[in-house]
Amino acid sequence: MTIMELDQTYVAGTYRRFPVEIVSGRGSLVQDANGKQYIDLGSGIAVTSFGVADDAWVQAVEAQLHQVQHMSNLYYTAPCARLAEALCRRTGMAKVFFSNSGAEANECAIKVARKWAAENKSPACSTIVTLRNSFHGRTLTTLAATGQDHFHELFQPLTPGFAHIQPGDLEALRALDAEHTVAAVLIECVQGEGGVLPLSPAFARDLEALCRERNILLMIDEVQTGNGRSGALYAYMKYGLSPDVVSTAKGLAGGLPLGATLLSEKVAHVLSFGDHGSTFGGNPVACAGALSVLSRLTDSFLAEVDRKSALIFEKLDGKPGIESVTGLGLMIGLKTVRPAADVVRACMEQGVLCLTAKEKVRLLPALNIPEDLLSQALDVIVRVCADQ
Ligand SMILES: *Cc1c(COP(=O)(O)O)cnc(C)c1O
């Protein structure tokens, strides 16, 4: 059997894959089994922050592989401790819990909120409020957090204690918290899976103010927007917010599974011995990868991310067949006249890998994509979108 046949026979059918087998790559170029080369504008869905097989990243990961690839959380290891320190120094947060994925990072945030509210407000204060059209993960609890009904239908009953409000509807939050039953609000600054929709800065500020007024935790899901993707280290920084909890994953370790839940001083001591854990959480190889990524997300590098973002807007906005360009940093959504899936397929034929998000075409290039490759790929997108 071919690889495609093996996969279709033996891998659970949860992914609609393109008929392409990727075998190798370098930076923002990847190659399929037939030797065809593509410019990658997907980065494994915002994961390979510095592209495929980046030299410095490979070196950092490989060095740790030769030291120790895993230890249980019964012992100290240097990459985990150093990464927690680096994340806290860069964000002003107080502590970090490490896990392996975005869903797991959000699970931890939700556990922190529930325990904090039970201890500091009342046991009845357990509701977590999220936004309609949000995406927070695939576990039963993070599905409950996800504000899109179609994800819920087949998997009832989900974890109780979640409510969803329309972005912009502060009154709905006030109403939900009339009896002081809301523990936390969990939001994405830019709804990624929901169609690359940035939250209005005014709503974000008002939401934060209401959370402060009602002693509700403000928790930000930076799984997709985080780690330089937005042009800031975390998107909440661009919004001028001061969250109590931040969850992140995807691009954090540059291509290895790692989730992190950052805890502000206010909630730093909520979890104690035995309250939470994860066998692979804080894995030294993943943390070594993340230390390499984080060390390169300097102010000047992030300014380059913003400059490339501006270039994308400039090249695509208002072009024939492109109705709108939305997003922040190198997280871009295109509303196209042609169906997004057609655009993605046509781009792939012409050697450019893009993604979709709902009805949008979504671009999540590596943060260090060379400008000439980016321009070349954008030319392809412009041609494909104009070809109606
Ligand atoms: C991808 C994503 C998740 C889920 O991350 P996994 O690593 O797939 O569990 C959660 N929240 C947001 C905003 C995401 O984009």
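Which residue forms a salt bridge with Arg 89, and how far apart are the closest N and O atoms? In this predicted model, the partner of Arg 89 is Glu 85, with 2.8 Å between the closest N and O atoms. A salt bridge is taken here as a side-chain nitrogen of Lys or Arg within 4 Å of a carboxyl oxygen of Asp or Glu. Residues are numbered from 1 along each chain as its sequence is written, and side-chain values use heavy atoms, with hydrogens and water left out. Because the model is predicted, local features need pLDDT of at least 70 and side-chain atom pairs count only at pLDDT 80 or more, whereas totals for chains, interfaces and linings use all residues.

The protein has 13 helices and 17 strands; these are DSSP runs numbered from the N terminus, with helices (H or I) of at least four residues and strands (E) of at least two. For 388 residues, a compact globule would have a radius of gyration near 21 Å, and the value of 21 Å found for the protein agrees with this. The radius is taken over C-alpha atoms, and the globule rule is 2.2 Å times the number of residues to the power 0.38. The C-alpha trace spans about 60 × 50 × 45 Å along the principal axes of the protein.

Of the 388 residues, 53% count as buried. Buried means under 20% relative accessible area, exposed means over 50%, and partly exposed lies in between (1.4 Å probe, protein chains only). The protein exposes about 17200 Å², of which carbon and sulfur atoms supply 55%; accessible areas come from the Shrake-Rupley method with a 1.4 Å probe, and for residues only the protein chains shown count as cover. Among contacts between residues at least 6 apart in sequence, 71% join residues at least 24 apart, a contact being heavy atoms within 4.5 Å.

There are 34 positive and 41 negative side chains, and the centres of the two sets lie 1 Å apart. In this count Lys and Arg are positive and Asp and Glu negative, while His and the chain ends are not counted. Each charge is placed at NZ of Lys, CZ of Arg, CG of Asp or CD of Glu. Side chains of opposite charge can pair when their charged atoms come close. The structure holds 18 salt bridges.

Arg 89 and Glu 85 are four residues apart in helix H4 (residues 78-91), and are therefore separated by about one helical turn. Arg 89 counts as exposed, at 68% relative accessibility, and Glu 85 as partly exposed, at 41%. Arg 345 is partly exposed at 42% relative accessibility, as is Asp 342 at 28%.

Asp 177 forms a salt bridge with Arg 214, the closest N and O atoms being 2.7 Å apart. Asp 177 lies in the loop between helix H7 (170-176) and strand S7 (182-187), and Arg 214 lies in helix H8 (residues 201-214), so the pair ties together parts 37 residues apart in sequence. Both Asp 177 and Arg 214 are buried. Lys 115, Glu 119 and Asp 275 are linked in a network of salt bridges.

Backbone geometry was also examined. Most residues other than glycine have a negative phi, and most peptide bonds are trans. The peptide bond from Gln 156 to Pro 157 is cis, with omega near -5°, and Pro 157 is found in the loop between helix H6 (140-145) and strand S6 (162-165). Lys 250, although not a glycine, has a positive phi of about 20°. Lys 250 lies in the loop between strand S11 (245-248) and strand S12 (259-263) and is partly exposed, with a relative accessible area of 22%. Lys 358, also not a glycine, has a positive phi of about 50°. The loop between strand S16 (355-357) and strand S17 (360-363) holds Lys 358, which counts as partly exposed at 45% relative accessibility.

Ala 94 is placed in the loop between H4 and strand S4 (95-99) and is partly exposed, with a relative accessible area of 30%. Not counting residues up to four places away in sequence, Ala 94 touches Cys 88, Leu 263, Ser 264, Glu 265 and Ala 268.
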